[in-house]
Amino acid sequence: MVTAAPHLYPHQWSWDAAFVSVGLAHLSVARAIVEWDTIFGAQWATGMLPHIVFADEPDYFPGFGVWGTEIAAARPDGVESSGICQPPVHALCIEQLVAIGRAQGGEAAERADAFMADAVPRLARWHAWMSRARDREGIGLVEIHHGWESGMDNSPRFDPFYERIEVATPKALPRTDLKYADASERPSDREYQRYIHLIDQMIAVEFEDDRIPAVIDFRCGDVFMTASLAASAEALARMADETGDADLAATERARAEHARTAVLASVDPTTGLCRDYDYHAGHHTDVASIAGFSALICGGDDAVVARQRAILTGPQWMGHPDNRYPLPPSISLDDPACRPREYWRGPVWPIMNWLFAHCALQQGDTALASGLREAGLAQLADEEFGEYYEPRTGEPLGSHQQSWSAMAALDWLT
Ligand code: 2M8
């Protein structure tokens, strides 16, 4: 497997690996498919794709032992995984992998087609789990139980959710991450205590989907996860058309429509941005982050999309005068919450640039897609493949040689 990064992340992360397989497909479709053997090999009996599949490498906290998923009945035997998920970008990545393989023709195309036929039912189970377990009220919004599920771990969008968590008995935190990245670029110990607290709450109910909502302190209707599901459900519907599964294609189109409706319903009429929902507080939250532009991921309403596009490319975001490259930071540089070096609290993330560019292309917005590609490549020309970048200086931060940052360059250049 390709680890998410050589030192900081020595295991396979679910959405990292999905993205990375797109880059690998340019080099070898057969090699790209190997990533999926691990991703799908770890699929839980419920259909969930876990966020980490652990390799035999102890130097990461929290490792398999801390996750405690050995008690989870749904986890496949012999597979060491975490017990939460990440954004469902898998189907949209597989559709892209298949397109790359087909363009190569011959054996690569045949392999890609055979892989797609094998992947479609697994993706269907994954999406069905997400709707069943994470949209229990059937409103289309995907609920998450940990900031790590969003992939945007410590984004200020989750501050209101974390602030109410009291950790009665703080634990020892062997922060292996701080060996490889500066503490000023990573979440704080206070944040980590809360991360571990949520894992412990899931362990207490043996990671059972039906029991988690009653005990978990963190219940967020995540608008970015929801938009990712909508985009991936459309991709899966197109693949199901090709494999001749009309029922699945219809199911996935309905799922996509349902999710898109929820994303659009979250839009704040004043700001024009999408909002998460706080189930414990019973209202939307109003923290502006890159997730606020989720309508650009899933489309569905031309006026909303046009407004979000104008804001994203405007002077508070990509076009900010202090920005080194016209790329979106994770938090606007004008926002008092922005900390331009600190992880998901401000830096520019190459993989986000790739995802927004990919979705823009899907929706026919070639200008936005090529703008992101051009600026994204200029940023990655340092060949450091930073996990994230300081928006004003372009300095690479966090891990270097981050796999999904390299993937963005590889895909854009080939
Ligand atoms: C980051 O998350 C992990 C926990 O899952 C960590 O900080 O240890 C996030 O950026 C996440 O989105 C990403 O998948 C992972 C690996 O790159 O790192």
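Me: Where does the ligand sit?
Reply: This is a predicted model, in which local features need pLDDT of at least 70 and side-chain atom pairs pLDDT 80 or more, while totals for chains, interfaces and linings use all residues. A cavity is a set of points, on a 1 Å grid over the protein atoms alone, where a 1.4 Å probe fits but cannot get out. A molecule sits in one if more than half of its atoms lie within 2 Å of its grid points. By that test the ligand sits in the largest cavity.

Me: How many residues surround the ligand?
Reply: A residue counts if one of its heavy atoms lies within 4 Å. The closest include D16, G151 and D153, and the number surrounding the ligand is 17.

Me: How far is the side chain of Y343 from an oxygen atom of the ligand?
Reply: Residues are numbered from 1 along each chain as its sequence is written, and side-chain values use heavy atoms, without hydrogens and water. A polar contact here is a pair of N or O atoms within 3.5 Å. For W15 the distance to a ligand oxygen is 3.1 Å, and for Y60 it is 2.7 Å. For an N or O atom in the side chain of Y343 it is 2.4 Å.

Me: What share of the ligand's exposed area does the protein bury?
Reply: Accessible areas come from the Shrake-Rupley method with a 1.4 Å probe. Taken alone, the ligand exposes 420 Å². The protein buries 100% of that.

Conventions: A polar contact is a pair of N or O atoms within 3.5 Å; within protein, one must be able to donate a hydrogen and the other to accept it, and residues adjacent in sequence count only if both atoms are side-chain atoms. On a 1 Å grid over the protein atoms alone, a cavity is a set of points where a 1.4 Å probe fits but cannot get out, and a pocket is an open set with protein on both sides within 12 Å along at least five of seven lines; lining residues have an atom within 4 Å of a point.
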